[in-house]
Amino acid sequence: MTQMIKIVVVDDHPLVREGIIKILSLESSFQVVGELGAGQQAVELVGKLNPHVILLDLSLPDLPGVEVCRSIISHFPETKIIALTIFDDEAHVLESIKAGVSGYLLKDISP
């Protein structure tokens, strides 16, 4: 039996979160274990939710996404973080990689 990949979606826009969750639900090996609208919530709940992967918006209202990433990676280095963003410039990509993201997805990609 295939192990379920536990995912948390962090984005401050409910419609975006819901759309991502709908897309992820099409894959039987994915299980969304949480959806959060703020970076501080993500930092506080990762230990409780124990996800394998976090889809993290880099533009959050309370904390910069790269700071959220750094904090999560420092406490839970086995958790993989995929950055979700509208920014495609080299500076944002490099800053995210330095913060510890495992991947980088632009929000304008096809589902």
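Where is Ser 71 found? Ser 71 sits in helix H3, and here is a quick tour of the rest of the chain. This is a predicted model, so a bit of bookkeeping: local features need pLDDT of at least 70, side-chain atom pairs count only at pLDDT 80 or more, and totals for chains, interfaces and linings use all residues. Residues are numbered from 1 along each chain as its sequence is written, and side-chain values use heavy atoms, with hydrogens and water left out.

**Overall fold**

- The chain has 4 helices and 5 strands, where helices (H or I, at least four residues) and strands (E, at least two) are DSSP runs numbered from the N terminus.
- Reading from the N terminus, the order of elements is β-α-β-α-β-α-β-α-β.
- A compact globule of 111 residues would have a radius of gyration near 13 Å, and the chain agrees with that at 13 Å. That radius is taken over C-alpha atoms, and the globule rule is 2.2 Å times the number of residues to the power 0.38.
- The C-alpha trace spans about 40 × 30 × 25 Å along its principal axes.
- Of the contacts with a separation of 6 or more, 62% join residues 24 or more positions apart; a contact means heavy atoms within 4.5 Å.

**Surface, burial and charge**

- Of the 111 residues, 35% are buried. Buried means under 20% relative accessible area, exposed means over 50%, and partly exposed is in between (1.4 Å probe, protein chains only).

**Helix H2 and what follows it**

- Helix H2 covers residues 39-49, and its buried residues are Gly 39, Ala 42 and Val 46. They cover an arc of only 40° around the axis, which puts them on the same side of H2; the arc is that of the directions from the helix axis to the C-beta atoms.
- What do those buried residues pack against? Their partners are strand E1 (5-10), strand E2 (30-36), strand E3 (53-57) and helix H3 (65-75).
- On the face of H2 turned away from the buried side you'll find the exposed residues Glu 44 and Lys 48.
- Asn 50 follows H2 and belongs to the loop between H2 and E3. Asn 50 is not a glycine, yet its phi is positive, at about 50°.
- With a relative accessibility of 43%, Asn 50 counts as partly exposed.

- Asp 11 is in the loop between E1 and helix H1 (14-25). Is this aspartate buried or exposed? Asp 11 is buried, with a relative accessible area of 0%.
- Leaving out residues up to four places away in sequence, Asp 11 touches Val 16, Arg 17, Leu 36, Gly 37, Asp 57, Leu 60 and Lys 107.
- Gly 34 is part of strand E2 and counts as buried at 13% relative accessibility.
- Setting aside neighbours within four places in sequence, Gly 34 is in contact with Ile 7, Val 8, Val 9 and Leu 49.

**Out towards the solvent side**

- Leu 15 lies in helix H1 and counts as exposed, at 71% relative accessibility. Leu 15 and Glu 67 are 52 residues apart in sequence, and their C-alpha atoms are 24 Å apart.
- Asp 108 comes in the segment after strand E5 (103-106) and is exposed, with a relative accessible area of 67%. The C-alpha atoms of Asp 108 and Leu 45 are 28 Å apart, for a sequence separation of 63 residues.
- Back to Ser 71 in H3: this serine is partly exposed, with a relative accessible area of 22%. Ser 71 and Gly 39 are 32 residues apart along the chain, and 10.0 Å separates their C-alpha atoms.
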